[in-house]
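This report covers strand pairing, nonpolar cores and aromatic contacts in one protein model. The structure comes first, then the terms as they are needed.

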Amino acid sequence: MSRQPTFTRRSLYHGWLPANPQIHRAFLDRHVLGVTLNAPNDWNGWATEFIDTIQASEVMSPLMDLIFKQVNKDDKWAASDEKYRVRDIDHLRDSLTSVTQGPPEVYIVRNLEGEKVGEPIGVPIYLILDLLSNTSAAYDLFRLKEFNNAMRTFLNKWGNYLANDSRSNSTLTQAESGWFGSYALNVLEQGLQGQSFEQTYGVKPAEAQQAYKTWDNFFIRPFKNIEEARPVVQVARFPAIYNACESTSLRTAHNVKLDDTFWLKGQNYSLYDMFGGNPAITPESLSAYAQRFVGGSVYQAFLSPQDYHHWHSPVKGKILEATDLQSGDPHGAMIRTQPWLSVAAARGVIIIQPEEPTELEWVAFIGIGMVEVSTIDLAVSKDGSGGKPNHVEAGDHLGMFHFGGSSHISS
């Protein structure tokens with residue numbers, strides 16, 4: 001007998017970590033404990049290249065060693081969980097190799113009552129880096145440009161495989177352990193307002209591999225009918241700002257400052273940093289726009305791995321700026337501190353001047369990369385370059401994320 005797990009928009013870490021602890025342990029059994037018993041064949045060399053780059057650095061190597069010392073002394077680890085610790089850099093290489101041998105998978109276990117439970121894991125690299133990334137040494141390491149470059153190279157190769165290798169759709173089946181089997185399909189259909197996957201996306205589960213030639217094709221799947229799936233309902237009273245993504249609300253903030261300090265609790269937003277901060281690496285025009293939003297409001301929401309990952313314009317207007325900022329942490333490890341990601345992660349910034357009669361002078365959309373994929377795919381431009389539009393109607397396509405986590409901000 002099997003039982004479907006119950007998932008909600010507020011499940012533990014919202015899909016970024018497994019909701020069922022037994023599923024989490026099954027993942028760690030395979031990719032952390034398992035590699036100590038049987039080291040995987042590093043057929044693609046991505047993890048080895050990443051680890052070699054760290055070990056060759058006089059700055060990064062000692063910081064990485066310190067991370068392992070800190071996480072292995074952490075009191076949060078119960079004695080029974082010692083086997084799930086990533087012990088050293090060779091162990092990390094083998095675990096990263098193990099999770100990138102193929103596309104994201106669905107894990108199935110029997111619970112304490114002997115019943116089968118299953119859950120898809122869409123961000124396997126994050127699960128390996130989870131506790132490692134939450135140490136004080138990681139805070140120092142992950143801010144280094146050379147570490148970000150090494151991580152970006154590793155993740156770009158992983159993303160290229162998911163986007164272009166036909167083998168990457170091997171888990172898009174109706175098998176029990178497939179993304180269109182009953183366990184994962186239950187997760188995919190959460191939040192579809194009672195509609196099935198086929199009704200929403202126009203693809204029958206039995207035909208998923210034919211429809212989605214790669215994992216990335218599945219991840220960036222479009223709606224079957226965009227007008228029906230996310231209608232733009234006209235309102236008589238302005239200002240009207242439409243939701244840019246199919247997302248879960250995180251928080252709002254008002255009277256936002258140009259430059260602010262981040263605290264562990266009650267985290268503030270800093271416009272200067274959100275819009276790129278350092279003028280040496282940020283377009284001058286983008287830095288100047290930050291001043292225009294002082295005293296305004298911020299609304300932040302986030303997406304889960306199983307969600308629709310396209311962005312749509314919250315207003316009708318002219319595109320004044322559309323920029324991909326790659327200066328920050330490319331994998332956005334700190335899921336628990338999403339406001340911090342608004343200044344630390346790779347992100348796409350789009351500034352729109354509304355054209356309807358409205359009290360709004362400026363609207364900014366910031367698409368924030370999270371976890372192992374922070375590929376920002378802009379579909380608009382400020383000057384119409386590349387055939388991309390520089391004017392949008394409310395609800396028009398602005399861009400998308402490619403595989404992995406994401407968060408977005410409207411200001």
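## Strand pairing around β6

Two strands pair if DSSP finds at least two bridges between them. Strands here are DSSP runs of E with at least two residues, helices are runs of H or I with at least four residues, and both are numbered from the N terminus. The model is predicted: local features need pLDDT of at least 70, side-chain atom pairs count only at pLDDT 80 or more, and totals for chains, interfaces and linings use all residues. Residues are numbered from 1 along each chain as its sequence is written, and side-chain values use heavy atoms, with hydrogens and water left out.

Strand β6 (residues 317–325) pairs with β10 (residues 391–392) in the antiparallel sense over two bridges. In β10, H391 is the bridge partner of K318. Strand β7 (residues 347–354) also pairs with β6 in the antiparallel sense, over eight bridges, and there R347 stands opposite L325. Buried is taken as under 20% relative accessible area, exposed as over 50%, and partly exposed as in between (1.4 Å probe, protein chains only). Seven of the nine residues of β6 are buried, so the rest of the structure largely encloses this strand.

## The open sheet

An open sheet is formed by three strands in the order β5-β11-β9, with antiparallel pairing. Its edge strands are β5 (310–312) and β9 (375–378), each of which pairs on one side only. Between β9 and β11 (residues 397–402) the antiparallel pairing runs over four bridges, and T375 stands opposite H402 in β11.

## Nonpolar cores

A nonpolar core is a set of buried Ala, Val, Leu, Ile, Met, Phe, Trp, Tyr and Cys residues joined through side-chain atoms within 4.5 Å. The largest has 69 residues, of which L92 and F180 touch the most other members. Helix α7 supplies the largest share of this core, eight residues. A second, separate core of 19 residues includes Y289, F293, V298 and W362.

With contact set at heavy atoms within 4.5 Å, and neighbours within four places in sequence left aside, F180 is in contact with L172, T173, Q174, L185, L188, F197, P205, A208, Y212 and F218.

## Aromatic pairs

Rings of Phe, Tyr and Trp (its six-membered ring) pair if their centres lie within 6.5 Å; planes under 30 degrees apart count as stacked, over 60 as edge-to-face and the rest as tilted. This rule gives 20 aromatic pairs. One of them, W43 with W46, is tilted, at 5.9 Å centre to centre and 55° between the planes. W43 is partly exposed at 39% relative accessible area, whereas W46 is buried at 11%.

W179 and F218 form an edge-to-face pair, at 5.8 Å centre to centre and 65° between the planes. W179 lies in the loop between α7 (145–164) and α8 (182–188) and F218 in helix α11 (residues 215–219), so the pair ties together parts 39 residues apart in sequence. W179 is buried, with a relative accessible area of 3%, and F218 is buried as well, at 2%. Ring pairs link both into a cluster with F180, F197, Y201, Y212, W215, F223 and Y308.

## A charge over two rings

Which rings does the charged end of R221 sit over? A charge sits over a ring if NZ of Lys or CZ of Arg is within 6 Å of the ring centre and within 35 degrees of the ring normal. The charged end of R221 sits over the ring of Y201, 4.8 Å from its centre, and over the ring of F218, 4.6 Å from its centre.
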